[in-house]
Every structure is written in C-alpha cells, then in structure tokens.
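Below are my notes on the two-chain contact and on selected side-chain pairs. Please read them next to the structure.

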Amino acid sequence: LLPVVALAVFLLVTVGVYLLLHRSLLRIALGLGCLGHAVHLLVLSGGRWGARAPLIKEGVRPQDVGDPVSQAFVLTAIVIALAFTLYLLVGMAAQTRRGGVPELAPPPEGDGEREADEILAELEGRETET
Amino acid sequence: VSLVILFALPGLVGIALWLARPSARASRFASLLAGVAILVLALRLVDATSGGIVLAHAFGGWRPPFGIAFAADRLSALFVALHAVLLLVALVALRPESHGEVVVRRAHPLLFLLSLGLFGSFLTADLFDLFVMFELVLVTSYLLLQVPGTRRSLAATLPTLVINLVASALFLAGLGILYGITGSTSIADLGRELPGAPPELRRVALVMLVLAFATKAALVPFCFWMPATYPTLSAPLAALFAGIMTKLGVYALLRIMPFLVLDPLLPELLVWAGGISALLGVLGALAQYEMRRLLAFHSVSQVGFVVLASGLGSVAGIGGAIFFALHHSLVKSALYLVADELERRNASRDLRRMDFRHAGGVPLVGCFIVAAFSLAGMPPFSGFFGKLGVFQAAFESAAWVGLALLVAASVFTLASMLKIWSFAFQRLPGEDSVGAGSRSGGLPLLAMIFLILGLGFAAGPVQEYSSAAAGALLDSSGYDEAVFSTPGRLGPSEAR
C-alpha cells in the first residue's frame, strides 16, 4: 500500500505547487487544498501500523489496526484547513465586491497620490468599511 | 494550575467581549482590567520559574507521551511576560478617540484570542499542540489585519495568509515524519527518541520545521509578507505585531534547538540564513521611504541577528539570542508607536512628506533617539548589550563570515535610523508636506521608553537570566523530568 500512498502524495504536491504558482485566488485555494491533502496522507502513512493503542477486541490482529494518533492529527488538520479555505474564499469574495479582481496582486505601497485628509481618516480609523 | 488559568483567561475574556459586543468605552475598560490581570499572572509565572523550576500540567490526567502537557521554564515565562507587557501597551495605546470606535471594538476580542494562541504556543510541551496554536495565531492575526477594512489591508492580507498556510503545511509534514520515526510529538519525549532516530529522515523533518518557523520569523527569503502587512495595520496593533509575531517563529526555533544541534548541517544553515537576513533586511530597509515598511524590513534584519546567534548552538549564542529578541521586541514596538505619532502629525505615511515642524517637542525627539540609538547598538542602551552578547558568541564560535555580516548590518542599521532622522526630524517643509494632523496618547510610548532604558541598566541580570534559560534549553533534563512526572495516569515507564 505504501508505494501507492507515496505516489499519491507526489502527485498531490506536484499539482498543488503548480496551482499555487498562479495568480488566480481560486486556483491558489485549490492548490492549497491539494498540498494540504498531500500532507495529510503523508502524516497518515507516517503513523505506525500495528499501533500501541489498546483499542483492540478479540480476533483482531494488532498489526492490522491503524494508528489512532495520526488519524487524530489529520482530523484536526482537516478541520483547520477547511476553516482556512473558507477564510480565503471569503477574502476573495470581499476583494471582488470592492471592485477588485479575484487575483493575488502585489500589495500597494505607500500613500500614492491620495490626499492628506483621506490618509488621516484612515490612520484615525474614521472611514472603516464593513 | 496557574498555567491553565494564564492560558484560559485571555480566551474567556476574548469570547465574552465578542459575545457581549460592549460599547467602545466599556470594551476598553474591561480590556485594560483583563490586560493588567494577565500581566500580573505572567510576572508571577516569571517569578515562579526564575529559580530553574519547571511548572508542568498534563491535561485530562494523561501524562506525556500520551497526553498533551503544558510546561513553563524560564524561556517560556520570558516570552509570556514579554507578550503580556506588549499586549497591555497596545491596549492602552488603542484609544477610541485616536483610532476609531469601530477599530477598537473589532480589535479587542481578537487581541485576547491572539493572546490565547500565543500563550498556548509559548507554554505547550507538545509540537502538535504548537501547530494548532500556530493556526490559532494565524487566524486571529489574519482577522486583526482586516480590522481597518480598507482595500489596501485586504490586498496585503491575502498573500500573507497564503504564504503562512504553505508554511503550516510544511510544519505539519515535518511533524508527521517526526511522529513516524519516533512515535511521539511531545518535546520531552522527542528529546529522548531523536538521537537514535534515522538521521536522513530526521534531517528532512527538521528542515521542514525550520522552513516553517523561518517563514513565521520572516527570514530572507521568506520575509516579504511582513513589510507588506505592517503598514496597513492599525498602529497599536502594528506595534504589538512587530514586537511579538516574529518572536513566535524565533521561540519555536529556540524550542527545537536541542534537536537541531543533533545534525551538524542545520545549525550551520541557521547561521548563514541569519547572517544573510541581517544584511539583506537592512539593505531593504534603506531603500524604503514609507516609515513602517522601513521598520518592518528592519525586523527582518534584527531577527537575522537572533537566528544567527541561536544557530551557533552554544549557551552563549542562545543566551545572546534570547536577550536580543527581548530587546528587539521592546525597541521595535516603541518605534512603531513613534511612527504612529509622526504619521498622524504629518498626515502621511511617507517620510518624504514629513518635516521637522510636525516632529515637535522634546518628548517625541527624545523617545525616537532612545529607541533608535538602542536599535543601532549605542552603549548606554539595551541594544549595545544585545549586540555585544551576539558578537562575543560569534567570536567564540569562530563564525567569522557571520560576524562580518552582522558588523556590516549594524553599520547600515545606524544609517537607516539616520535616514528617518534626517527626513522626519530635520527636513525643511517643502511644497508637498501637509499640515498638522491629530495626536495620539503618548503614555504607552513613554512606558516603552522607560522599559528600554530599564533593560539597558539591568542588562547584567537579564543576561544572566537568558543564559540560564539557554543552558536549561540545551540540557533539558529538568524540563523532561517535570513533564514526565506530572500527576497522571500513564507514564513512559509503564508504557514501554
């Protein structure tokens, strides 16, 4: 089984990195998803088969039992990854709603040509959009 | 048990503030009260651990390596206290009058939830728990970055989030491999298991962890998210972030330092990465005209000093790194508060639009001089002792290239401080400089300046403390014993 898992990890990392190199936020979110699942598979396969945990009933050989600890790790990580994917998509939607494109752009630098009043309002938190 | 209270208090306060949605004034009052309580608890923790005692608590009565434990030694206590101080300063500085009611009400609950994550990171004795805490810190800092709600803050936040998520994936992958070769993620247990682990896999796993922590600590070449995000934050939050967020990566690197020194390649890698960051970071700073971006590139450089010193792997090096990290947090936080004051008086973030009329008054000039001289490493201030410690450690370890890079970086540090000085404090008013804006309260800034001066005068005892912490980090027997002997159901002896 392990060579198959290794191949899957390899493919997922390849696809994930390829997608991450794009500017489109949707592709980046998908790429992060692939990368995350590659890591989850890696952690699962790194778990110890025939684990030390005592959750075994009659007639089950210990070496057939998966490692519950790495499963718990992956479960936690999946939940976290899901939450972050949502945050990323919400950020993407917010950017689109404000007239931007759903792409990762280099963040603007400096004050540009804006007026002093505008900058001061921003520094003082007077003009906060919701 | 006090570890649990210290960890739970900010979380409960944060959730309560989030659910109750009080007015800005009520929120500020409650936050200040909670901030003082957290600071008192943190200082008591420093007091309790200063004699070398390690406090430990195993959750649910499951003893490591099976359960998850919290443990506080001198290193943890120092970072907890540092964050408690910076949190209180940020809470005092974040006033509804000067930073907007909406900002204050949005930021307060998030600040406490951020503190929950940071305290958890500093106190945990388990690497997987550290991963979870890192995610908690990432999500709250992502939301804090959104607090201003401007287009620029959104545009700066998304790249930061993506970069940090890639770092998290690397962290988890490294952790999975570590678990695979040792069967444990408890720091104390890894200390016993890793010396006998297969060296190739161990190296792969540790390199992944180092890359993840280097991204958090903003080392070259993983640093560019930081200068992009700090200018968009609300100023007191920028002061807090500049003080503690890079230190989270530094703390994690220090915590796994006993594992890194098992492999001759990794400390060497850290020395190079630190030296290159120190030089390139400060060169990046010199090229900036936006004051907060300049200061953020500076953090890259100063974190380089810390990482180089800890990469030396000696007690002197790690002790110097701890002292330098402490000094840099305070100084950088103070400089961000100075930047806030200058920005609003000049109604501009750009140094080229500032002039001397708006830098007015002895207090601000004095505060800038103390902080800038300290950052540049002038003798009576804390930075001198910090740099002295790092240089001595590099000298003793014969890291000549690193030493040369640090000396060059120091020269440019002074030059970049002079750049701020010559623009913001000396420049004659030109046609593009605008009128005076508002002011923010100066009390938190003055408090930071007194802390910096105090650290300069108390440098001897603090350096003793940090080298004791470094010694206890490298010879982790006290830490391991405390973690393994927490009252609990299963100990390592019964399990094996």
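1. Contact between the chains. Chain A contributes 49 residues to the contact and chain B contributes 56 residues, where contact means heavy atoms within 4.5 Å. This is a predicted model: local features need pLDDT of at least 70, side-chain atom pairs count only at pLDDT 80 or more, and totals for chains, interfaces and linings use all residues. Residues are numbered from 1 along each chain as its sequence is written, chains are lettered from A and ligands numbered from 1 in the order in which they are written, and side-chain values use heavy atoms, with hydrogens and water left out.

2. Buried area. About 4500 Å² is buried between chain A and chain B, and carbon and sulfur atoms give 66% of this area. Buried area here is the accessible area (1.4 Å probe) that two parts lose on being put together, summed over both. On the chain A side, the residues that lose the most area to chain B are Phe73(A), Phe84(A) and Leu123(A), together 15% of what that side buries.

3. Polar links across the interface. Between chain A and chain B there are zero salt bridges, a salt bridge being a side-chain nitrogen of Lys or Arg within 4 Å of a carboxyl oxygen of Asp or Glu. One residue pair is in polar contact between chain A and chain B, with both residues at pLDDT 80 or more. A polar contact is a pair of N or O atoms within 3.5 Å; within protein, one must be able to donate a hydrogen and the other to accept it, and residues adjacent in sequence count only if both atoms are side-chain atoms.

4. Elements on the chain A side. Helix H2 (25-46), helix H3 (68-97) and helix H4 (116-123) of chain A each supply at least two residues of the side that touches chain B. H3(A) provides the largest share of that side, 13 residues. Helices (H or I, at least four residues) and strands (E, at least two) are DSSP runs, numbered from the N terminus.

5. Aromatic pairs. Over all chains, the search finds 24 aromatic pairs. Rings of Phe, Tyr and Trp (its six-membered ring) pair if their centres lie within 6.5 Å; planes under 30 degrees apart count as stacked, over 60 as edge-to-face and the rest as tilted. Phe134(B) and Phe171(B) form an edge-to-face pair, 5.4 Å centre to centre with 70° between the planes. Phe134(B) lies in helix H6 (residues 127-146) of chain B and Phe171(B) in helix H7 (residues 151-182) of chain B, so the pair ties together parts 37 residues apart in sequence. Phe134(B) is buried at 2% relative accessible area, and Phe171(B) is buried at 1%; buried means under 20%, exposed over 50%, and partly exposed in between (1.4 Å probe, protein chains only). Ring pairs link Phe134(B) and Phe171(B) into a cluster with Phe73(A), Phe128(B), Phe131(B), Tyr179(B) and Phe213(B).

6. Salt bridges. The count over all chains is nine salt bridges. Arg203(B) pairs with Asp263(B), the closest N and O atoms being 2.9 Å apart. Arg203(B) is in helix H9 (residues 199-217) of chain B and Asp263(B) in the loop between helix H12 (257-260) and helix H13 (265-286) of chain B, so parts 60 residues apart in sequence are tied together. Asp263(B) is buried, at 3% relative accessible area, whereas Arg203(B) is partly exposed, at 35%.

7. A pair within one helix. Arg344(B) forms a salt bridge with Asp340(B), with 3.2 Å between the closest N and O atoms. The two are four residues apart in helix H15 (residues 315-346) of chain B, so about one helical turn separates Arg344(B) and Asp340(B). Arg344(B) counts as buried at 0% relative accessibility, and Asp340(B) counts as buried at 4%.

8. Arg25(B) forms a salt bridge with Glu97(B), the closest N and O atoms being 3.5 Å apart. The pair links distant parts of the chain, with Arg25(B) in helix H2 (residues 24-49) of chain B and Glu97(B) in helix H4 (residues 96-99) of chain B, 72 residues apart. Arg25(B) is exposed at 56% relative accessible area. A network of salt bridges links Arg25(B), Arg95(B) and Glu97(B).
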